[in-house]
Amino acid sequence: MIYLDHAAATPVDSRVLQVMEPYFLTDFFNPSAAYLPAKKVAADYTVAKATIAHAIGAKSSDLVITAGATEANNLAFSSLSSDAATQASVLYLETEHDSVRQVAKKHGGQAVKVLKNGLIDLDDLKAKITDDTELVSVSLVNNEIGVIQPLAEIASVIREVKFDRLKRGLKRQLLLHSDASQALNLLDINVARLGVDLMTLNAAKIYGPKGVGALYVSHEAKLQPLTYGGGQENGLRSGTENVPGVIGFAKAVELAKEHLNGNRKKYATWRKVLLSELQGYELINKKHSIDNFIVLCYNGIDAERLVFLLENEGVYVSTGAACAASKGVKSHVLAAIDLSDAEIAGSLRLSLGETNDEDQIHQAARIINDVVAAEKERLKNA
Ligand code: PLP
């Protein structure tokens, strides 16, 4: 098997699994319990949270642990004040993951346009911010095309608006949220440098366990609890802590940090190899992309059929976000960057990762070329 779909899921690193195991078997205690072994578990949990927080330049108390990125994204929207005017109180990038898009739409949010290269249209953002805007949500790395958004520039636009509001005596909050689910293993993230108030993290995309995520919350953002009960996570997310999950998340973060530069170089090299050995495609994410994403368009060919044919040859790729692919709906991301329906239908996403090696990259290029050539031949004779 040659797995080229690491943006959809990554396997748990064996070193991650190893540190998690004791918290399932022997150190299984509820961190809130009063006896000593439970207190040790509570302490280990806090240390793990601090490791995750330090990796983005934050403190343990700034993080709310969640059951994945979807939940963290939803929780970010609880920062809206109860009197938020529904129209224009939320702005979100039109290429956001559905876990942002859908909740933003529920709050009457407006989409900010992207340019053809997938980057935010800053003029559109400036035009759409009104005195009612409370929250702007822009992911750091897009999950379908890998484009890295200029968050620091967006934060600077927001700072200017806040300054202007202050001068006019307007008290309405204006927060910047970023879904960094796809970013943590290849970008050096610092929340202060990026100027974000809320940031979503996801263990499942960095060789950690699925169903574990976190929301970074700056002191400016005031959230409403998602669940009520035992008051865990500063009262914002009641429920017994997922200790093994968080221990694993912290180890995955540590490994990601340690190998960040090496991995970036490795994926950038493999990306170049693939782009030079593959034939007859148009590259969709030419610039501003994270190193492990390649989006190819084979004009006139049905990419869904290619996914199926490639699977038969042991190569696993995707036509876009796994969830969109499973619903058979047209990618809103590719539509937003102005691709035609035919181009969208012919687009394949390859996302490289730790299950790959250089041999696999050459093999994958050869297999994809062969499958595409055979498919072209079939269409010619049809
Ligand atoms: N945000 C982005 C950018 C993603 O890629 C994903 C997962 O595909 C999510 C959010 C949702 O993550 P989860 O399914 O772990 O909640």
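A: The following account treats the domain interface and then the salt bridges.

The model is predicted: local features need pLDDT of at least 70 and side-chain atom pairs count only at pLDDT 80 or more, while totals for chains, interfaces and linings use all residues. Residues are numbered from 1 along each chain as its sequence is written, and side-chain values use heavy atoms, with hydrogens and water left out.

The domain assignment, which is automatic or taken from a database, gives domain 1 (2-10 + 260-373) and domain 2 (14-258). Their C-alpha centres are 27 Å apart. The contact (heavy atoms within 4.5 Å) takes 32 residues from domain 1 and 36 residues from domain 2. Between them the domains bury about 2700 Å², 58% of it on carbon and sulfur atoms; buried area here is the accessible area (1.4 Å probe) that two parts lose on being put together, summed over both.

There are 16 residue pairs in polar contact between domain 1 and domain 2, both residues at pLDDT 80 or more. A polar contact is a pair of N or O atoms within 3.5 Å; within protein, one must be able to donate a hydrogen and the other to accept it, and residues adjacent in sequence count only if both atoms are side-chain atoms. On the side of domain 1 that touches domain 2, the elements giving two or more residues are α8 (243-277), β10 (293-297), α10 (322-327) and α11 (332-336). Helices (H or I, at least four residues) and strands (E, at least two) are DSSP runs, numbered from the N terminus.

Across this interface the rule finds one salt bridge, where a salt bridge is a side-chain nitrogen of Lys or Arg within 4 Å of a carboxyl oxygen of Asp or Glu. Side chains of opposite charge can pair when their charged atoms come close. D338 and K116 form a salt bridge through their side chains (4.0 Å, N to O).

By the same rule the count comes to 21 salt bridges. One of them joins K266 and E354, with the closest N and O atoms 3.0 Å apart. This pair links distant parts of the chain, 88 residues apart: K266 is in helix α8, and E354 is in the loop between β12 (347-351) and α13 (358-381). K266 is partly exposed at 26% relative accessibility, and E354 is partly exposed at 37%; buried means under 20% relative accessible area, exposed over 50%, and partly exposed in between (1.4 Å probe, protein chains only).
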